[in-house]
Each structure stands twice: as C-alpha cells, then as structure tokens.
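Q: Can you walk me through this one? I'd like to go over the rings, the packing and the sheet.

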Amino acid sequence: MDAEGKKVLVVGTGLSGIAAAGLLLEKGLDVILYDGNEKLCEADIRAKSEKFEKLPIVIGKLNEELMMQCSIAVLSPGVPTDLPFVEQLRSCGVKIWGEVELAYQCAKGRVAAITGTNGKTTTTALTGEIMKSYFTDVKVVGNIGIPYTSLASRMTDDTVTVAEISSFQLETAHTFCPEVSAILNITPDHLNRHHTMECYISVKESITKNQKPGQTCVLNYEDETLREFGRTLALNVVYFSSRRRLERGLYLEDGMIYLADDGGIEKVIDVSELNLLGVHNYENVMAAVAVSLAFGIPLEKIIQVLKTFQAVEHRIEYTAEIAGVRYYNDSKATNPDAAIQGIRAMDRPTYLIGGGYDKQSEYGEWIDAFDGKVRRLVLIGETKEKIAQAAAEKGFKDYVFCDSFEEAVQYCRSHAKSGEAVLLSPACASWDMFRSYEERGRIFKEIVRNSAVQ
C-alpha cells in the first residue's frame, strides 16, 4: 500500500472507522482518527481499541493545516463524498479512499463481491456458507456487518473472501477487483445520497470496472438495466431469471431452479426444499449458486448447503405465532422495493407496520403490491404522513397512525385475528427512531415475544 511515511486520516468512529484505523496502525502507519460529531467523547473513542492509547483523535472541525499533512483519507461508508470538508481534502491533494479500497490493498486471496439494491445480505451469507463447505479459509465481510478491514490482515493467498458491497462503499473503491462480481438488482434507493438514479446505477455497475476478461459477473436478467449492462461487458456474464427459461444461466420454472449450460439443462433444487420464502429469495439463491459455480464448487456440494441454509435475521424472519397470528420481522426492508418482496411473501391477510426515516423514496409501487393482502397499514415515524398521502392517492385508506414503535406493535397485537399475520416491513430506514435496522428488528421481536407471555 502506497502510504508509508505519510499521515492517513480515518473519517468516522463507527465499526468501519475503528477497524480501518486498527488495520493502518497494524501496518505501522501514521494515523489520525477524525469524527465531525462534536457530541462525541474522545475517551469513549479511545476505549474502543487498546491500539488507540496514543492515537491522535480530532472531534468537530477539521482544520486545513491538518488536511495538508495527510496523503490519504479513508472515509467510513456513512460519510457522503460530497461534503464540504471532503471537497476541501481533495483540493489539498488528499486521496479519498473507503474501507473497501483500504482492505483490498492490504488483503490477499480470491474475492467474490455482491451488490444490488436488495438481497445482498442473504446472497452474501448463503454464498459464504457454500464457500465454507468447500474451502478451508473463508471470510465473509463488508456491508453484512463485519468490516472488511477488520479481517484483511488475516487473509492469505489461500483465503476466499465473500464481500457484501454497498453503493456507499463502491463510491470510494478505486482498484478493487473481485474475481467474481454479482449485481442482484437496481431499484431506487439512497437518492438522498446519490441524488440521481443515473448516478446510483453507475455506482452499482462500477463493481465490475477493474475486472478482466475471463472473470465473471452475475446479473439479474429480469432487471432491464442489468440485462443491457451485461451486453456491454467483456467478461464471462452469467444471468439468472425468475421469469423465463435461459439458454445459459440459472432460471426458475414451475417451482424448480434449473442450470442451463453448453446445451444441457440440470435440475438444481425444488424451491420447496429451501428454508427461504418468496421469489426474491429464489433469485438470491440462483445468484449464490452462480457465484459459487464460478469459484469451481461442485453443484452437489452447493445443493447440500441450499437445503440447510436458514433465512438471514431481519429479512422476512419468522418471529412467533401467538393466538394463531404469525409475526414476521422484515426490518431490513429499508426501501419500497425490498418491502414489496416482503408483502409478496405473505400468504395470509396482513397487518403491515411501515414508515421511518425519509430517504426521498416514492411509495406508490409498494402500495400497489398490497394486492388485497394488507388488512391494515400501521404507520410510524418521519414518513408516516407522506406514506398515508401516497396510500390515499392509490385508493388505499385502511391505515392508522401510531406515535411510537411499541404502540404500533401492540395495535397489531390487539387487532389481528387468528389466521392473519403481522409484518414489520417499513420501506424506510430506521434512523429517525433507531440506530439501525438491526436494533429496530430486535426490539420488534422483543415486544412480540414479551406479549406472548403476558
């Protein structure tokens, strides 16, 4: 890594920033840790790692003199790249990296990278389990919750890394080159960060920008943007489809996933043998199979893992059945398209809890997907009135407002009847009420399970 003898500024003191600073210190580099949140306490940050005893920490405003001392700034994924101080860093000649770029430059081994608007975590987790069944040293990292930088120094030439990569991480990845990439889908999301759909699409597609001929990219044939993008790539492009038979690739037909290649067709698995619900999950399975096959894993080994893999926490996660009412935690549905998949997976009348932090999303298509399944829409958070207006414009008026998250869950508890479902699938981020979608999902499960013993 070309940073020896230079100061490296790490921006952000969350999981990613702490891991990045730790990796740089392991490499013997001169590190400054910075966070613009003036409410943070330096002692609390220093306590996050024993390596930070003598680490310079700056909180609040970053002065130009310090900027001029740095050659590289490593931004945490949550730090927008167009903030004024980031622009000022650029003007001082500072290179702007992200956690993925830093980790990739320090790591070794083979890499599979998975992105997309929805399904990344499930696909990454499943791919990781398949890889672990065949390879000795497998690391699953990235947006899935384990910073890439936290494990980079432990990677060897024999390591296989499966990385979930978000659009935020791709913005600051420059030399990152996975052996196999996958883009699952692209639908509107994070437009408050990327501003335009064209920019968001471009960032997602950039996961392939350093790949070389002979390497593989897995794409969703039913995403028109990705179908056309695949035709522009000088790579081994493998498509998957949930709607039609493909001459080459993986496809879903009559409840069976098939693999088509070299003129032959092979059955992979009957979806009834999976522990995952919904067509969107069958797409995730096909993507994971395609990535794993590209790494040389035998199909029979892949199928063994498919039959035992369980759903990822917070993604249409069955929580409990109380008095004949089933409760599902889909807190990871932080945008309307993900929430559409959640409601489509329901097979009974559903009380739907929605709303949260506003990412400038539109909710009309989500409401169209209710398709008679939603008994009542229970709205919370910053977006509740915006969603209510969209619902009313679509002719859906069976919604109520709740002032708190607990009130919303208890409302569903008292109104849902045997044979119905309660689904937390907010179509929004959690940041107006919670620190993360994980916290939101955990609290939902706690409230539900506590109500079962009352």
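Q: How many aromatic pairs does the structure hold?
A: It holds 14 aromatic pairs. Rings of Phe, Tyr and Trp (its six-membered ring) pair if their centres lie within 6.5 Å; planes under 30 degrees apart count as stacked, over 60 as edge-to-face and the rest as tilted. This is a predicted model: local features need pLDDT of at least 70, side-chain atom pairs count only at pLDDT 80 or more, and totals for chains, interfaces and linings use all residues. Residues are numbered from 1 along each chain as its sequence is written, and side-chain values use heavy atoms, with hydrogens and water left out.

Q: What is the geometry of Phe135 and Phe295?
A: Edge-to-face, with 6.5 Å centre to centre and 80° between the planes. The pair links distant parts of the chain, 160 residues apart. Phe135 is in the loop between helix 6 (120–132) and strand 7 (138–142). Phe295 is in the loop between helix 12 (279–294) and helix 13 (299–306). Helices (H or I, at least four residues) and strands (E, at least two) are DSSP runs, numbered from the N terminus.

Q: Is Phe295 buried or exposed?
A: Buried, at 4% relative accessibility. Phe135 is buried too, at 18%. Buried means under 20% relative accessible area, exposed over 50%, partly exposed in between (1.4 Å probe, protein chains only).

Q: And what about Tyr318 and Tyr328?
A: They form an edge-to-face pair, 5.8 Å centre to centre with 70° between the planes. Tyr318 lies in strand 15 (residues 317–322) and Tyr328 in strand 16 (residues 325–329), so the pair ties together parts ten residues apart in sequence. Tyr318 is partly exposed at 45%, while Tyr328 is buried at 8%.

Q: Which residues make up the aromatic cluster with Trp366?
A: Tyr363, Trp366, Phe370 and Phe396 form one aromatic cluster.

Q: What lies over the face of Tyr221?
A: Arg227, at 4.7 Å from the ring centre. The cut-offs: NZ of Lys or CZ of Arg within 6 Å of the ring centre and within 35 degrees of the ring normal.

Q: Switching to packing. How many residues has the largest nonpolar core?
A: It has 54 residues. Leu33, Val74, Phe176 and Leu219 have the most contacts inside it. Helix 1 (residues 15–26) gives the largest share, five residues. A nonpolar core is a set of buried Ala, Val, Leu, Ile, Met, Phe, Trp, Tyr and Cys residues joined through side-chain atoms within 4.5 Å. Apart from this core lies another, of 43 residues, among them Ile130, Val160, Leu250 and Val289.

Q: What is Val74 in contact with?
A: Leaving aside neighbours within four places in sequence, its contacts include Val8, Val10, Leu24, Trp97 and Leu102. Contact means heavy atoms within 4.5 Å.

Q: Now the sheet. What is the strand order?
A: Nine strands form an open sheet in the order 7-8-6-9-10-11-12-13-14, with mixed pairing. Two strands pair if DSSP finds at least two bridges between them. Strand 7 and strand 14 (264–270) are the edges, each pairing on one side only.

Q: How many bridges join strand 7 to strand 8?
A: Five, and the two strands run parallel. Strand 8 covers residues 160–164. Val138 has Val160 as its bridge partner there.

Q: Where does Asn210 lie?
A: In the loop between helix 10 (197–205) and strand 10 (216–220). Asn210 is partly exposed, at 24% relative accessible area. Beyond neighbours within four places in sequence, Asn210 is in contact with His174, Thr175, Phe176 and Cys177.
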